[in-house]
Amino acid sequence: APTCPVRSRLVGLIVPDPDSFFYDSVAALEYRMAMFDYSPVIHYSRRSLLREESAINSMLQRNVEGIIAVPSRECAAIYAKLKLPLIFFDNLIEGLNIPYVINDDFQAAFSAVEHLISLGHRHIAHLGGNDVHSSFQRLAGYRAAMDRHHLPVDPTLVISREYSREWGYTAAQTLFQQPTPPTAIFCGNDSIASGLLRYLLTYDIPCPQKVSVIGCCNAPFSEDIGLSTVDQQTSKLAECLWNSLYAAMTGKPLPPAIIIPARLILRRTTAAPAQ
């Protein structure tokens, strides 16, 4: 009689880097997996096609029972060929019929910028991340809020590179060399915002008296530094990711897309512009 294959009880996790958002997501996922006697196999792609492809191959060799991935578009053909349960999060690849769980990044950005506008700000900058779905959606939300109030978007105040503290600091140098610096800045995530705040502290630019700052994601350190931000409910994201993957692994139906709503959290880095 044929024998059943031995189950590995392993699940592959592919994330770009140990940024606080991904760190918290992985930790929350590991907690939920443990309740079902599963363990994660974690790989950081570092946004490298070769590393991501190598991670997928390594996971297949270890006989993982499913994969949860933040995918890059360059790996679309590889993901399309996988024959095991697969869920995307934080990013998605258009044209692939693969379920995904994402945050409502458009609404997160829209609500953040709407708040700045409601305070009276009109000259608002945006510091964004890199070439992924979340950064596109956050930029679109920023533009939509500005358009709604008929405010012009100054292209010199919209800069995107990566989700890091270092980038936040470097981008701040560019912003405050402008003839008319912004009175408020929406950052694509809290790491960018923390780098920006370090620049403001270094050069004695008071926040929020001189410039308001709002982030996105609600990283654990954000409360410690009093950063206004948008909560993207990491625990809810992890719950939906695990439930979706477990449904796929056990042959149960699952929704093709889940979008987690955002929630504005106001702390001490936002205020009305100085008169």
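Leaving aside neighbours within four places in sequence, Asn 218 is in contact with Asp 190, Thr 229, Val 230, Asp 231, Ile 265 and Arg 267. Contact here means heavy atoms within 4.5 Å. Asn 218 sits in the loop between strand S9 (212-214) and helix H8 (220-224). Helices (H or I, at least four residues) and strands (E, at least two) are DSSP runs, numbered from the N terminus. One partner also meets Asn 218 through polar atoms: the side chains of Asn 218 and Arg 267 make a polar contact at 3.1 Å. A polar contact is a pair of N or O atoms within 3.5 Å; within protein, one must be able to donate a hydrogen and the other to accept it, and residues adjacent in sequence count only if both atoms are side-chain atoms.

A word on the model itself. It is predicted, so local features need pLDDT of at least 70 and side-chain atom pairs count only at pLDDT 80 or more, while totals for chains, interfaces and linings use all residues. Residues are numbered from 1 along each chain as its sequence is written, and side-chain values use heavy atoms, with hydrogens and water left out.

Now go to Thr 269, in the segment after strand S12 (263-265). Is Thr 269 buried or exposed? Its relative accessibility is 4%, so Thr 269 counts as buried. Buried means under 20% relative accessible area, exposed over 50%, and partly exposed in between (1.4 Å probe, protein chains only). The side chain of Thr 269 reaches the backbone oxygen of Val 213 at 2.6 Å. A polar atom of that side chain also lies 2.9 Å from the backbone nitrogen of Ser 228. Beyond four places in sequence, the contacts of Thr 269 include Leu 197, Cys 207, Pro 208, Ile 225 and Leu 227.

Next come pairs of helices. Two packed helices are described by the angle between their axes and the distance between the axes. Axes are lines fitted to C-alpha atoms, for helices over the stretch in contact, and angles run from 0 to 180 degrees between N-to-C directions.

Take helix H6 (residues 165-175) and helix H7 (residues 190-202). They pack at an angle of about 50 degrees, with their axes 6 Å apart. That angle makes H6 oblique to H7. Angles under 35 degrees count as roughly parallel, over 145 as roughly antiparallel, 65 to 115 as roughly perpendicular and the rest as oblique. The crossing of H6 and H7 is right-handed. A crossing is right-handed if the near helix is turned clockwise from the far one by less than a right angle, and left-handed if anticlockwise. Among the residues making the contact are Trp 167 and Tyr 169 of H6, and Ile 192 and Tyr 199 of H7.

Helix H4 (residues 105-118) and H5 form another pair. Their axes come within 7 Å and cross at roughly 35 degrees. This crossing, too, is right-handed. Phe 106 and Phe 110 are among the H4 residues in the contact, and Tyr 142 and Met 146 are among those of H5. By class, the contact of H4 with H5 has 10 nonpolar, 3 polar and 4 charged residues. Ala, Val, Leu, Ile, Met, Phe, Trp, Tyr, Cys and Pro count as nonpolar, Asp, Glu, Lys and Arg as charged, and the others, Gly among them, as polar.

Finish at Tyr 163, in the loop between strand S7 (158-160) and H6. Tyr 163 counts as buried because its relative accessibility is 14%. The side chain of Tyr 163 makes a polar contact with the side chain of Arg 138 (3.4 Å).
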